Each structure stands twice: as C-alpha cells, then as structure tokens.
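Work through the exercises below with the model open beside you. Try each task before reading its solution.

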Amino acid sequence: SLSRSAQASVACWKQPPMKSSNILFRAALGACLLESLSHAVAAAVPKYVVIIVADDLGSADLQAFSNFSKIRTPALSKLAAEGLVLDNYYTMSQCTPTRASIMTGRYPIRYGLQNKVPPDDSDYGLALDETILPQRLQSHGFRTHAVGKWHLGLIHPEYTPTYRGFESFLGFYTGMQDYFTHEDLGFDFRNDTRPNCGAGCSEVLRQAAGTYSTNVFAAEAERVVANHDKQQPLFLYFAFQAVHAPDEVPESYRRPYRGLFGIGQEAEQREIYAGMLSALDEGVANLTRALDARGMLEDTLIAFTTDNGGPVTDEQCARGKCNKGQGSNNWPRRGGKHSMWEGGVRGPAFVSYRKEIPPGRWGGLMHSVDWLPSILEAAGSSARAKTGFELDGASMWKAWLGHGPSPRTDLLLNIDSFRDGLDEQIPSTAGYIRVDGEHQWKLFVGQPGPPDLWKAPPELNVSSRGQGVPYVTCDPFCLFDVAKDPREEHDLAADATVAAVARALLEEVKKYNESAVPALFPGHRQTCMLVDGVLTPCVEASLLAAPGVELTV
C-alpha cells in the first residue's frame, strides 16, 4: 500500500486528461508536479533513525536477495518485505572506505581512505575536518549513539566515536577481532559513556571476555532504545562485527544448519557462517521488538546495508590475504570483497519507514555516499556542505517516497593504486558506472580484482568458474553492460559501436582523478598502542603509562 503522501500524488496524476488547450494542460501538469513535490516535502519526518551495518555480507546470503539461500533470517526478511529493497545499490569494496562514505556522504578519494583499511597500529583515520552524519544530526536535535565496529581511526581519542558526534559508544575501534576474547593486536572492547570520552572515561570491558560480541551489541542497542526519551529524536548507528571473519559462533546458532550444506570444508564454513548470520538476525529482531514495545517503530526509519560484498577466495589470493576462506556468497555475481566486480561492490540493502515509504523493490542507482543526504532530508535537515567539502552523495528521499527514478545516473566505484591483501602496488585502477536508458555501463581501468571468479555456494552443487585464472588487467579499459550482462562475462572494450561510451566514462574518471587526494596508506606504525595488552589511542596511552606498565606494540 502507498503512503499517505504517495497516494495524494498518484491521485493527482490519475485525473482525467484535459481536452482543452495545451496551455490549460500544461498548467494542470505543472500543478500536479507542484503537488507531488509538496507532498514529498510534507511527508512525515521520521523521529528516529537506525542504520544497521552488516560486515562482509554476501549479496546472495539473505533470502530477500536470493532464491536459493537456506540461511534463515526472519527478522531481516520481514523488514525487507515491509520496506523498500534497493536492487541497484553499490558500496566500496571493503569496510573502512564504505563506513567513511556513509558517515561523510563523500567518496573516499576526497580524504585518502580509498585503498587498504587502516591497520590497528596506523597513524591515521577519517580526517578530523570531515563533518560526519551524527554531528549533522546532533545539530538538528538528535540524540546519537553508536554500537559495534568503528574502524575509522583510533591513533588519538579525537578519532573515536564520542569525539565525532556520538554521545555513547559500546564496541571496538579496530577492524576485526575474536568474537569471544575480543582480541587481535590487543584487547579492544570499550564502553564510552559520554561525549569526548577518552582517558579517565573510556571503560575497558574486560568482563566481556568470553561473551559473543553479536549478543553484546544487540543487548546494548536494546538498552539504548529502552532508555531513550521518546520526545527527542534518536540516531542509532548499529554496526555488527558479524559476519566478518573469524568464523565463530555459539553451537546453538550453528546446530540448525549442521549437514544442511553437504560435507567438506566449504560446507562447514557455510554452516558456521549461517549461524553467525542467524545470530545477527536475532539481534535485529530484538532491536525491532524493543522499538515496537516503546511505540517507536512506526516513527523509525531503518536503513540496512552491507559494507561490501562477501569474501570469496581462490588461488589468486595465494600471495596475500584476499580474505580468509569464509562461508559468504555472491552467486551468480563475479568476484567478492576487495574487488570492484559486482560481487565485491553490489550488495544487499533496504530502507524501511512504515509511515511513508511504500514497500516494494526499487532499481534506482544508489551508492553508500547517498545515505547521508537521504537521511538528512528525511529528517528535515539540510545537506549543505562547507566549502571544499562538497558532497558526492545525492538524496534518495523523494524517490523512495514515490518509487520514482534515482536522482543519480553515474557513480564512481573507486580510484586506487594499491591492492588490499596483496600488500603491493598495482596498476592505477578505477571503476565507474553510468545508467543510460536500458544500459548500465561499467568501466574498469587497471585490475578490478582479485578475487575474480564466480563462486557457487555448496548448497547449489554447481561448479565455480574462473578459479586460479590470471589477473584481469583492463588496459586501456574494460567495458561491461551489467544491465544485460550482470555476471560480467562479456567485455565490450573491442566493440567499436560503444567506443563513444567508453571515451565519455574515461573522461569522467579523469576528472575525479584530478581532484583525488593521495591515499593515507601505508602511513606509519605507532609504538604507543598497547597498554597492558589493551589497544589504546596514543594520547590516552601516554596519560595511562606509569612505571611498570607495558607500553609497546
């Protein structure tokens, strides 16, 4: 069913056609346009906003996006069915760049996070002069809270969430860790309970050791909702660790899937992964139940996204870590996490706002940079940016309300010269997309992958393709029409009939490249990051250091 604002707009367009002069017809058409716009503007503003980020979720893992997945996620399926499924949605190819793009509404080439994710002991993060989403919403009266994975910097406390617009944060600052011990380079599990919560405030949650992080984060999200003053707007950023490696889950979540995917290592990995995703789904169910119990759900805009495609691995990754073999899947798309093939950057996403967004599926082109301006417009706030920090994102809000066309026709996938996982320079690499009528052109320069294969899930019993083939190098370019060739099997670079398309897209890439800033990676490694085994921002570490306290990496 259509929202109230959409129903009014449709009623206007369904008026009988004018039989008199063209002048009168044009006047009536103009009135309808104005009425449609006024209804979009008058749509009920969501009082609460929740962004849910799944980590490394494959594009074929949720049943809302796959006709073969056996992984049961009833809460996500229900939200997707009640909301608007975004069928033409793109992210960056790995987590930090995508998270930065969500927070800033700007491509990572603008602030140097376009390639390898920051190592735990790196000396950089998301630039402090960037104004990010919680800061913008705070200025509009929102209470702001973050739960889960951060991965946007920790070298100084100023890079951590409560210095960037969040009033509280429970989670970990880095990119991955053990789900139970909460350790990687060091122990990293924090409870930051107020704005600017650094040394003397940030609590190291040693007592959480042995507790599954997905459950901890879900409980914290419920607590935030339970304690919130309903009269005030709320922004909750809920970034799961799941379903990122390592493959770990309590047996109770894995048990329903034992034997379901066959036998062998891949089947076992799929079982564990399915359990991890079920635990995530349980967390989403608990959050939505908490919102409903407090009478907040109808007034909540819920955005769900992955941060990149699911990891898939093959012999191409032998020289370094493309990823650790994991149970995620992007079939039948090509590639996975770290690549700009569809399997790496085209991921599952939906938006749900019962009061105004009609349910359905939407094929409008969208990128992760579009969340910020879309949410700001939905909340009745301005998306204007300060000079020198102009947004790359476009607001999808009006298109979502009436399922109209996307306001964007083009997007930049990335410009990069370093391959995460291989720890080596690669030929200058870029990806660009343009929608033109029935075509969706996708241009590559350099190396779009690895990984570069079509990896089938074990439950399909279908042979994977492309495993171990040499890297594809697009020199001078590759060109695909993913509207007609979604598996990216047919390179049209040699087709003279589309040469003009390729030239036009290359010119767009050139313009972006001229404005790109140098990548911050590799940066420098810090020797101040561990205090008694706890991963700690350097300034905080210097304050905590005392005779007899270990202060090393």
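**Exercise 1. Proline 476**

In which strand is proline 476 found? Then determine its exposure and its contacts.

Solution. 
Step 1. The model is a predicted one. Proline 476 belongs to strand β16, which covers residues 474–481.
Step 2. Check the exposure. The relative accessible area of proline 476 is 53%, and the cut-off for exposed is over 50%. Proline 476 is therefore exposed.
Step 3. List the contacts. With neighbours within four places in sequence left aside, proline 476 is in contact with Phe444 and Val445.
Step 4. Compare sequence and space. Glycine 446 is 30 residues from proline 476 in sequence, yet the C-alpha to C-alpha distance is 7.4 Å.

**Exercise 2. The disulfides**

How many disulfides does the structure hold?

Solution. 
Step 1. The count is 2 disulfides.
Step 2. Take cysteine 197 and cysteine 201. They are joined by a disulfide, with S to S at 1.9 Å. The torsion about their S-S bond is about -100 degrees, so this disulfide is left-handed. Cysteine 197 and cysteine 201 are both buried.
Step 3. Take cysteine 474 and cysteine 478. Their sulfur atoms lie 2.1 Å apart and form a disulfide. This link is left-handed, with -100 degrees about the S-S bond.
Step 4. Buried requires under 20% relative accessible area. Cysteine 474 has 2% relative accessibility, so it counts as buried. Cysteine 478 has a relative accessible area of 4%, so it is buried too.
Step 5. Apply the test to cysteine 95. Its relative accessible area is 3%, so cysteine 95 is buried.

**Exercise 3. The sheet**

In what order do the 10 strands of the open sheet lie? Identify the edges.

Solution. 
Step 1. Read the order: β7-β6-β5-β4-β8-β1-β9-β10-β2-β11. The pairing is mixed.
Step 2. Find the edges. They are β7 (203–204) and β11 (360–362). Each has a single partner strand, so one side of each has no neighbour in the sheet.

**Exercise 4. Strand β9 and its partners**

Solution. 
Step 1. Start with β1 (residues 48–54). It runs parallel to β9 (residues 300–306), and 7 bridges join the two strands.
Step 2. Place the residues. Isoleucine 51 is opposite alanine 303 of β9. Valine 53 is opposite threonine 305 of β9.
Step 3. Turn to β10. Its pairing with β9 is antiparallel and spans 4 bridges. Alanine 303 has valine 351 as its bridge partner in β10.
Step 4. Recall the rule for strands. Side chains in a regular strand alternate between the two faces of the sheet.
Step 5. Sort β9 by face. Thr300, Ile302, Phe304 and Thr306 are on one side, with Leu301, Ala303 and Thr305 on the other. These residues are all buried, and both faces of β9 are covered.
Step 6. Conclude. Because 7 of the 7 residues of β9 are buried, the strand is largely enclosed by the rest of the structure.

**Exercise 5. Helices on the sheet**

Which strands does helix α3 lie across, and which does helix α6 touch?

Solution. 
Step 1. Helix α3 (residues 74–82) lies across β2 (84–86), β9 and β10 (349–352). It runs at about 65 degrees to β10.
Step 2. Helix α6 (residues 213–227) also packs on the sheet. It touches β4 (143–149), β5 (168–172) and β8 (234–239). The directions of α6 and β8 make about 175 degrees.

**Exercise 6. Glycine 83**

Where does glycine 83 lie, and which residues does it touch?

Solution. 
Step 1. Glycine 83 sits in the loop between α3 and β2.
Step 2. Its relative accessibility is 0%, so glycine 83 counts as buried.
Step 3. Leave out residues up to four places away in sequence. Glycine 83 then touches Val351, Ser352, Pro358, Pro359 and Gly360.
Step 4. Arginine 361 is 278 residues away from glycine 83 in sequence, but 8.4 Å away in space, C-alpha to C-alpha.

**Exercise 7. The whole chain**

How many helices and strands does the chain have?

Solution. 
Step 1. There are 13 helices and 19 strands.
Step 2. Of the 553 residues in the chain, 59% are buried.
Step 3. Take contacts between residues at least 6 apart in sequence. Of these, 73% join residues at least 24 apart.
Step 4. The chain's accessible surface is about 20,800 Å², and 54% of it belongs to carbon and sulfur atoms.

Note on methods
Residues are numbered from 1 along each chain as its sequence is written. This is a predicted model: local features need pLDDT of at least 70, side-chain atom pairs count only at pLDDT 80 or more; totals for chains, interfaces and linings use all residues. Side-chain values use heavy atoms; hydrogens and water are left out. Two strands pair if DSSP finds at least two bridges between them. Contact means heavy atoms within 4.5 Å. Axes are lines fitted to C-alpha atoms, for helices over the stretch in contact, and angles run from 0 to 180 degrees between N-to-C directions. A disulfide is a pair of cysteine sulfur atoms within 2.5 Å. Buried means under 20% relative accessible area, exposed over 50%, partly exposed in between (1.4 Å probe, protein chains only). Accessible areas come from the Shrake-Rupley method with a 1.4 Å probe; for residues, only the protein chains shown count as cover.
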